[in-house]
Amino acid sequence: MFNVILPRILWILGLILAQTLVFNHIHLIGYATPMPYVYALIMLPHGTSRWIYVVLGFALGLVVDTLSNTVGAAAGALTLVGLVTPLLLRAFAPDDKLEEEFTPSIRTMQWSGFLKFAIAVTFIHTMVFFLLETFSLFDPLRLLIEVVSSTALTVIFMATFEKLRNTSRSA
Amino acid sequence: MQILLDFLRRYNYLFLFILLEGISLTLLFQFNNYQGSVWNTAANESAAKANETYASLEAYFKLGDINALLTTENTKLQQENAVLRAALDSATHDTTFTERKVRQELAGFQLLPARVVSNGVRRGHDGYLVINRGRKDGVRPEMGVVGGGGVIGIVYLVGENYALIIPVTHTKSSISCRVRGKNYFGYLQWDGGSTRMAQLDDVPRYAKTRAGNVIETSGYSSVFPPGIFVGRVHKVSNSSDGQSYRLDIVLGTDFANLRDVNVVVTPYKAEIRQLQEKADSLQ
């Protein structure tokens, strides 16, 4: 149990640190900002109580908000993501895995399943985050570009983490 | 109860989500000026919209009361209108030529408007008129009374608030009149017949009067100023003694339809009488 939880806590702390120290300063072509801290919710195992998703999302969001001075935006977005992630996981997970407990990864879901899942979760998060942050539809095109590019960049980073994690584990 | 508890237990994450999302949004609006102001504006707007809708709804339901109020007010205004119209009528009664003429002649005299409150004038009867002005208003006996159609009569008795008038159509009435433009004068009498007719006696035979001539006050009596319209000559006939003419006059005043009259206030009457007496004593 400890062996499972400790690496996750470390991962979460690492994601938060990376976000505040590195990713927040990336504004690729002025639009795309990676937000791979969503990864903390994605890697929760299937069958985790849904309230844990919600609470974790809120807590994580609150910390990220505090450290990156976007009070409320990430918390709001991640709480919502916490609510819908189990549903998305159920939708994108392979049918034969749903009966048992499994951790979403490229190993259990294949690249296609995992990427679809990650893209869906990330897209919802970035969209809600940017909506809350701009809080206007004054420039919808710019908003869309920001959402799409940030989603893409975040998914790329997450895929990298996933690759790293699995190769390190298998190695 | 059990079902409710089960429901709460089963969907606890949903309530948790609502709570935490609420906290997140509160933080968002609390600590971000822009989002907070947008949110407040929107909230204010929707609150104002709701208030407006409520107010218009309330106004709609109040329409019944307002309608009743308006009806009352309308009735009140109609009454006021009637009163004002009557006042205007009496103020601008002057429409006919005769009346204008009468007013012209009376221009230098003070006229006291009055209303006939009792009218006893009728065919073959010595009736009196009562007007709603008396001593209090400055009416004194022997003042002349004129109306839109010309001479009406002379004040006979005066009460505090009312006055009795001997109309032209009274056998005791005798007013000095003349034929307009000829200066032959006589006394206007009434034979007790029609209230539209009176007689002018003692008109000299050499006075060439014809039917249609205008009869007006002579001004000799000091009751009426000279030139007030009385009526028109209807028929010229011999008087009973055969020495003068007797003129049948169609009166300008319709006593059957009499409402607004004017009392001719002649403050110098005493002075005139004094002068007359002085003149008499000189002869």
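In this predicted model, the axes of helix H3 (residues 50–68) of chain A and helix H4 of chain A come within 7 Å and cross at roughly 150 degrees. Axes are lines fitted to C-alpha atoms, for helices over the stretch in contact, and angles run from 0 to 180 degrees between N-to-C directions. H3(A) and H4(A) are therefore roughly antiparallel to each other (angles under 35 degrees count as roughly parallel, over 145 as roughly antiparallel, 65 to 115 as roughly perpendicular and the rest as oblique). Helices (H or I, at least four residues) and strands (E, at least two) are DSSP runs, numbered from the N terminus.

Among the residues of H3(A) that meet H4(A) are Tyr53(A), Val54(A), Phe58(A) and Leu62(A); the partners in H4(A) include Leu78(A), Leu83(A) and Pro86(A). Contact means heavy atoms within 4.5 Å.

H4 (residues 73–92) of chain A also packs with helix H5 (residues 106–134) of chain A, at an angle of about 155 degrees and with the axes 9 Å apart. That makes H4(A) roughly antiparallel to H5(A). Val81(A), Val84(A) and Leu88(A) are among the contributors from H4(A), and Phe117(A), Ile124(A) and Val128(A) among those from H5(A).

| H4(A) with H5(A) | 18 residues | 4 residues | 1 residue |

Here Ala, Val, Leu, Ile, Met, Phe, Trp, Tyr, Cys and Pro count as nonpolar, Asp, Glu, Lys and Arg as charged, and the others, Gly among them, as polar.

In chain B, 6 strands close into a barrel in the order E1-E2-E5-E4-E3-E12, with antiparallel pairing. Neighbouring strands of this sheet are turned by 45 degrees against each other on average, direction ignored. Two strands pair if DSSP finds at least two bridges between them.

Between the chains, the contact takes 19 residues from chain A and 19 residues from chain B. About 1,600 Å² is buried between chain A and chain B, 76% of it on carbon and sulfur atoms; buried area is the accessible area (1.4 Å probe) that two parts lose on being put together, summed over both. On the chain A side, Phe58(A), Val71(A) and Phe135(A) lose the most area to chain B, together 35% of what that side buries.

Residues are numbered from 1 along each chain as its sequence is written, and chains are lettered from A and ligands numbered from 1 in the order in which they are written. For this predicted model, local features need pLDDT of at least 70, side-chain atom pairs count only at pLDDT 80 or more, and totals for chains, interfaces and linings use all residues, while side-chain values use heavy atoms, with hydrogens and water left out.
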